[in-house]
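Me: I would like to learn how to read strand pairing and chain contacts in a model. Could you take me through it step by step?

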Amino acid sequence: MAVISRDEIFDKIKDVLENALGADSDEITMDATLIGDLGAESIDFLDISFKLEQEFSIKIDQGELFPENLMSDDTLVVDGKLTDKAMEILREKMPHVDFTKLDEQRSVDQLSEVFTVASLVDFIERKTAA
Amino acid sequence: MRWMWIDTITAFEEGTRMHAVKNLSLAEEHLHDHFDGSDGLEPCAVMPGSLIVEGMAQTAGILVGSVNRFREKVVLAKISKVELDQDAVPGQCLRYEAEIERMDGVGASTTGVVRRLDHADGEWHEIGRIDLIFSHIDNNTGGREFPEENFVFSDNFRQILVAAGLDRLIDQ
C-alpha cells in the first residue's frame, strides 16, 4: 500500500465526517471531539467506520476503532466509572486514543472527550502503515 | 392499516441486491390528506417523501435481514442520504432498487435508487437516491434487552416473501 501522509489522511477524514455527520468543513479540526463538537451519535460510529473502510480500502473489526458494549459488562464499568480492567483493555485495544484526558474520576461520560478527529487520523495512520 | 410500503419483490440476489415495486393508487387514504387543500391551495395527491424513504427501508431491510434468515432484528438506524428529484402521484409505479454496500455483525449500509415507470415510453426513470444504515439491535443494545420474538419481520413481510417465491429465506 502506498504511504499516505498525515495531511492526506486528515483531508479524507474531513470528507468522511462532513458526509457522515453533516458537519461543516471549518468545524472539523484535529482537536474537535466527535460527539461534543461534531454531534456524532452512537449509530454514526458505524457509519464512520464503514466510510473509513471504503475511503482507505481497509478492514476495521468490530470494536477496533470505538469501544463497544462497555456498559453491559459490569467488570468494566462500576457506578458509571471505568475500572482498572477497562482502562487496561482500552489502552491495549486502542493505541490511537489519548486516554490521558480522562481525569482520576474516569467517568464513562468523559469517554466522549477522548474520541477526537486526531484519534481517527492516528488510527488510520497506524492501520495504513501496518 | 398494514404498514407495508412495497407491493411485491421483483428481483433478488442474496446478500447483494433487491428490487421491490410499489403501485400508487388514489384509493390510498394518506394521499387524500397529502395535500387536501386545507392550506388554500388546490388539493393534489402526492406520495409523501417520508413514505418513499420507508419503502426503500423495507426493501433494503428485507435484503439485509435475509442474509441471516431474519433471525436478527434489523432496524433502520440512520438515513444517510435522501435525494428525491420528482413527485410520485396516483397511477404511477415506483421501483426501489437496494444494494448492500457493507455489512457486519453490528449493522449494514445500503445504497438505493428510486425509479418511476413512465407509462409513455415504458422505461424506468431514476427519480431519487436513498442511502441507509441498519443496525442489528441485539448486537447494539448497550446492555438493553429486546424481546426474543422478532418484531421487525412480521407476518406481512413473510407474506411478501412467500408471494415472491422466496419461502426458502424464512427460517423455519
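Me: In which sense do strand β3 and β6 of chain B pair, and over how many bridges?

Reply: Please keep in mind that this is a predicted model. Strand β3 (residues 74–84) of chain B is paired with β6(B) in the antiparallel sense, and the pairing extends over nine bridges. As one example to locate, B:Glu83 has B:Arg129 of β6(B) as its bridge partner.

Me: Which strand do nine bridges join to β6(B), and what lies between that strand and β6(B)?

Reply: Strand β5 (residues 107–117) of chain B is joined to β6(B) by nine bridges, and the two run antiparallel. B:Val113 is found opposite B:Arg129 in β6(B). β5(B) and β6(B) form a hairpin with six residues between them, and in the turn B:Gly122 has a positive phi of about 70 degrees.

Me: Is strand β6 of chain B mostly covered or mostly open?

Reply: Strand β6 (residues 124–136) of chain B is mostly covered, since 10 of its 13 residues are buried.

Me: How should I read the interface of chain B and chain A?

Reply: The size of an interface is often given as the accessible area lost when the parts come together. Here chain B and chain A bury about 1200 Å² between them, with 55% of it on carbon and sulfur atoms, and 19 residues of chain B are in contact with 16 residues of chain A.

Me: How many salt bridges are counted between the two chains?

Reply: The count is three salt bridges between chain B and chain A, and in a salt bridge the side chains of B:Lys78 and A:Asp44 meet at 2.6 Å, N to O.

Conventions
Residues are numbered from 1 along each chain as its sequence is written. Chains are lettered from A and ligands numbered from 1 in the order in which they are written. This is a predicted model: local features need pLDDT of at least 70, side-chain atom pairs count only at pLDDT 80 or more; totals for chains, interfaces and linings use all residues. Side-chain values use heavy atoms; hydrogens and water are left out. Buried means under 20% relative accessible area, exposed over 50%, partly exposed in between (1.4 Å probe, protein chains only). Helices (H or I, at least four residues) and strands (E, at least two) are DSSP runs, numbered from the N terminus. Two strands pair if DSSP finds at least two bridges between them. Contact means heavy atoms within 4.5 Å. Buried area is the accessible area (1.4 Å probe) that two parts lose on being put together, summed over both. A salt bridge is a side-chain nitrogen of Lys or Arg within 4 Å of a carboxyl oxygen of Asp or Glu.
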